[in-house]
Amino acid sequence: MNFQAVKSIYIFEMARFFRTLMQSFISPVISTSLYFVVFGTAIGSRIQEVEGVGYGAFIVPGLIMLSVMTQATSNASFGIYFPKFIGTIYELLSAPVSFLEITIGYVGAAATKAMFIGLVILGTSFLFVDITIQHPIAMFAFLTLTCLSFSLLGFIIGIWAGNFEQLQLIPLLIITPLVFLGGSFYSVSMLPPVWQTITMFNPVVYLISGFRWSFFGTADVPIGLSLFAIALFTALCVGVIAWIFKTGWRIRQ
Amino acid sequence: MTNIVEVSNLTKRYDGGFEALSSVDLSIEQGEIIALLGPNGAGKTTLISTICGITRSTSGEVKIGGHDNVTDFRAARALVGLVPQEINLEPFEKVINTVKFSRGLFGKAPNDAYLEKILRSLSLWDKKDSKVMMLSGGMKRRVLIAKALAHEPRILFLDEPTAGVDVELRKDMWDVVAKLKEDGVTIILTTHYIEEAEAIADRIGIIAKGEILLVEDKDHLMKRMGKKSLKVELAEPATEIPEELADYNLSLDAGNLVYTYDTTTDRTGITSLLGDLQKAGFRMTDLQTQQSSLEEIFVSLVADKEGVA
């Protein structure tokens, strides 16, 4: 294991993040504040409590998940797509590193950035609503796993993408709808029975439900199932990445 | 001499069916500078990319320092630095950071003193905190070399290092290469510029259509392949080749006689030619000899290959 290489990739990728720190920091803060103003204050004041939690507080875990998932995916996909695009990937391919080191470096950096943004949003939300986190350790565990698994997904997208449009396509067409329809802003139990069943096929439901449980102790699906779902998703992504590097798909001719 | 790079029977066929390398064999000796010459699309870059692990071979084997470049890729690649043909650099990053990144990627612990030495030798030290995008084309090429040297490689591949580089910088690069050779680094460079190969290489390989046509010691190659010509300037210009000299390989050049001969034979025929000229009553004003350059050798070899194919 070439730890020095993992460290180098990680530091190099984080430098990209720090170069654009203001953008990285301000945009989640502003968008979160907007969500709170619109959903929490304007609309939320007319909505009753959901599962015993005020609506403004109820949407906090969903908001964090929404940002974390999209940020993790886009950071990781851009991180590996950019070297492909500008040609610096030659260096990764000719260096004494295996897929494991490349993946840990890029995915680790993308997950760190997403984690940072998630925590910024959590901090911002304290300004607007009263929340107590009932299971802080579980909260961190869910947040970390979500950052990691969606960074892995982003990494796959970055390798697959042949141009910048494709890079945006999956986050826009798949991830955002799944997150919006995955109970970010409502409880699944508020839906008609048919839609409840359909929603259960949305993997994001399990993540948001588990994450919300760590805040409020209530969940749409059992917590064990949530953990199983996220573990399965992570394993799937790791499997795909291992296959990519084994075959050299879209990387090594 | 031990061979530090051993390429045997290497074939590379791309997915489209194009065969970029056909059963290439190449041995590179430790500490030498070998220049690979070839026209565009000859397979020079594919050969380098396959040795360095950027592309996979279809069949055949590459050993670097005795390590197989697939099964023992860590040990093999750790020895190699690569300067690619295209200027592939992260535009928004500082020079020093891209060089540090390269060193770390190859598993080497940070060594600021060594990196300073490299950057100074390439006249990049003043620019270490500049963003790559702010540098000129020639400077960017130096950054590529600095990156390739950052992990103290024993073998350096330079893929057309002086393409699009001005004369002064080209000479600077030759100095850098000469310095590396002194330090015992083996250098493999591909080039379009025959004068470059002539100036710095110990051995020359000629590659065309995915095959290595020959690899030879530069001086030996030029001697073996080199034809010499003797130009005899006459006081009274000749209009045709004199009959009594018909046995010699003569041609006319603006009224002067040009004798082409082979330097490798024991008898060049110069003595008898000059004697016969005198006997025939020609008055000579000057004599010039000329040796064919590597360029002519190269062009004739490649033309033969392309004519056959």
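Predicted model: local features only at pLDDT ≥ 70, side-chain atom pairs only at ≥ 80, totals over all residues.
Visitor: How many residues of chain A are in contact with chain B?

Guide: Two residues are in contact if their C-beta atoms, placed from the backbone, lie within 7 Å. Here, 21 residues of chain A are in contact with 28 residues of chain B. On the side of chain A that touches chain B, the elements giving two or more residues are α1 (3–19) and α4 (89–94) of chain A; helices (H or I, at least four residues) and strands (E, at least two) are DSSP runs, numbered from the N terminus. The most is given by α1(A), with seven residues.

Visitor: Which residue classes make up the side of chain A that touches chain B?

Guide: That side has nine nonpolar, eight polar and four charged residues. Ala, Val, Leu, Ile, Met, Phe, Trp, Tyr, Cys and Pro count as nonpolar, Asp, Glu, Lys and Arg as charged, and the others, Gly among them, as polar.

Visitor: What is the phi of Asn9(B), and what is that of Ser23(B)?

Guide: Most residues other than glycine have a negative phi. Asn9(B), in strand β1 (residues 3–13) of chain B, has a positive phi near 55°. Ser23(B), in strand β2 (residues 19–29) of chain B, has a positive phi of about 45°.

Visitor: Is Ile157(A) buried or exposed?

Guide: A residue is buried if 20 or more other C-beta atoms lie within 10 Å of its own, exposed if 12 or fewer, and partly exposed in between, with C-beta atoms placed from the backbone. Ile157(A) is buried because 24 other C-beta atoms lie within 10 Å. By this count Asn9(B) is exposed, with 12, and Ser23(B) is partly exposed, with 14.

Visitor: What is Ile157(A) in contact with, leaving aside neighbours within four places in sequence?

Guide: Ile157(A), in helix α6 (residues 136–160) of chain A, is in contact with Thr73(A), Ser77(A), Leu167(A) and Ile170(A). Ile157(A) and Phe78(A) are 79 residues apart in sequence and 8.9 Å apart in space, C-alpha to C-alpha.

How values were computed. Residues numbered from 1 in each chain as written. Chains lettered and ligands numbered in written order.
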